[in-house]
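Hi everyone, thanks for coming. Let me put the structure up on the screen, and then we'll walk through a few parts of it together.

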Amino acid sequence: MKLGNRPNKHLTYCSNIHPGETWEEVFKQIKTNIPKLKARLSPDNSFGVGLRLSAQAAEQLLQEDRLSKFTAWLDEHDLYVFTLNGFPYGNFHGEQVKDEVYKPDWTSEKRVRYTQNLGHILADLLPENMDGGISTSPISYKPWYSNSQIDELFRLSSRHLAETAYTLAEIREETGKNIHIDIEPEPDCLLENTEETIDFFEHWLFKAGAAHLAVEHSYSHEDALELLRNHIRVCYDTCHFAVEYENPKDAIHQIKEAGIKIGKVQISAALKVAFDGEHTPESIVDELRPFEEDTYLHQVIERQTDGSLKHYSDLGDALNDSITDQTEEWRIHYHVPIFVDQFSKLNSTQDDIVKSLDVLLDDEECTHFEIETYTWDVLPSDLKENLIDSIEREFRWVLDQIS
């Protein structure tokens, strides 16, 4: 949906909330849920869809006449698709995901083909005079690689990203539709904060990626850089950057100063815990235990009193470690409802969303805003409510912030 007095800005929610790995399962969820939300939130105007497709669903949608039928259904219901979630390649619900969500990474041809398929799908679905975005994984997961492997990994990933960007440039030439890949930094991944993201773009993508385009497609260095800057951008997930203790205004400024565009904003909140003596560490651990679950990774970053950061690969690891006098705060990669800022002894990073929106809503190039709370089915029971009601509450909270 368009954001009121900002008609070039579009707001949606990510359909990764709903289970479904085949196209038939995905379409069933869309038909069940999205018209209900449109009726509540945008009854008289078009309603945007943030579509998540697995690799399997993407391949199926490109077969036979499924894509044309889906386009007709969207038109019939006054819906439009402007952004795709191309991060999870395979299953995302109903079984353990954990670090499997990062497979295949950007060293793999499978990731390239999957993202190219998404580009062709979005080119068909995207309305005229609107850019489209595909969020994707932050290259790979740090624990899988040794330091000696990183240079070759970045070099290969840069070539793969450049080749995918070349496909998107071809699509633009053929259709006039501009589509970008939006790399999503995440805790414990090879790109997890502003510094690592800028370093990858400047020292790898804009060099190795540009060299690939020069050799394989006869681009000049300047034209290759222009193609990469346009078709490869950053997905700014407000939860992920908050877990890294980043100041939104500073992070966004640094990214843009480096000549990197922000193609998509994922609006999400993390859990935040202050060890300030108001509550005992034992009572805080008891409060967090219900959030320990087996489906997703919930990385924890601890800030200590001297300002240093300590990383835990998952919430269970942090809960089983000792909380010392040096422990000041935990931030936990657990997407919680964005309309809640306090959970008894726990808090959320909701204030980071507000600070991020204050900056990004004024960014003319950033037009995609997507609510992404995908944990409804694994939340502690006292936080679970009717899903449609909860999604509506998240939309209305965002709309209140920007009114």
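Let's start with helix α10, residues 281-288, which lies across β9, β12, β13 and β14. Its direction is at about 160° to β9. Keep in mind that this is a predicted model.

Now look for helix α12, residues 350-360. Helix α12 lies across β9, β12 and β14, and runs at about 130° to β9.

So what do those strands belong to? They sit in an open sheet of six strands, and if you read across you get β11-β10-β12-β9-β14-β13, with antiparallel pairing. Which strands are at the edges? Those are β11, at 309-312, and β13, at 342-343, and each of them pairs on one side only.

Let's zoom in on one pair. Strand β9, residues 269-274, and strand β12, residues 327-336, are joined by five bridges in the antiparallel sense.

How many disulfides does the structure hold? Take C189, for example: the nearest cysteine sulfur belongs to C239 and is 12 Å away, while a disulfide needs the two sulfurs within 2.5 Å. C239 is in no disulfide either, and the nearest cysteine sulfur to it is that of C235, 11 Å away.

And are these two buried or exposed? C189 is buried, with a relative accessible area of 0%, and C239 is buried too, at 0%.

Terms used:
Residues numbered from 1 in each chain as written. Predicted model: local features only at pLDDT ≥ 70, side-chain atom pairs only at ≥ 80, totals over all residues. Heavy atoms only, no water. Buried < 20%, exposed > 50% of the residue type's maximum accessible area, 1.4 Å probe, protein only. Pairing = 2+ DSSP bridges. Helix = DSSP H or I, 4+ residues; strand = E, 2+ residues; numbered from the N terminus. Contact = heavy atoms within 4.5 Å. Axes fitted to C-alpha atoms, helices over the stretch in contact; angles between N-to-C directions.
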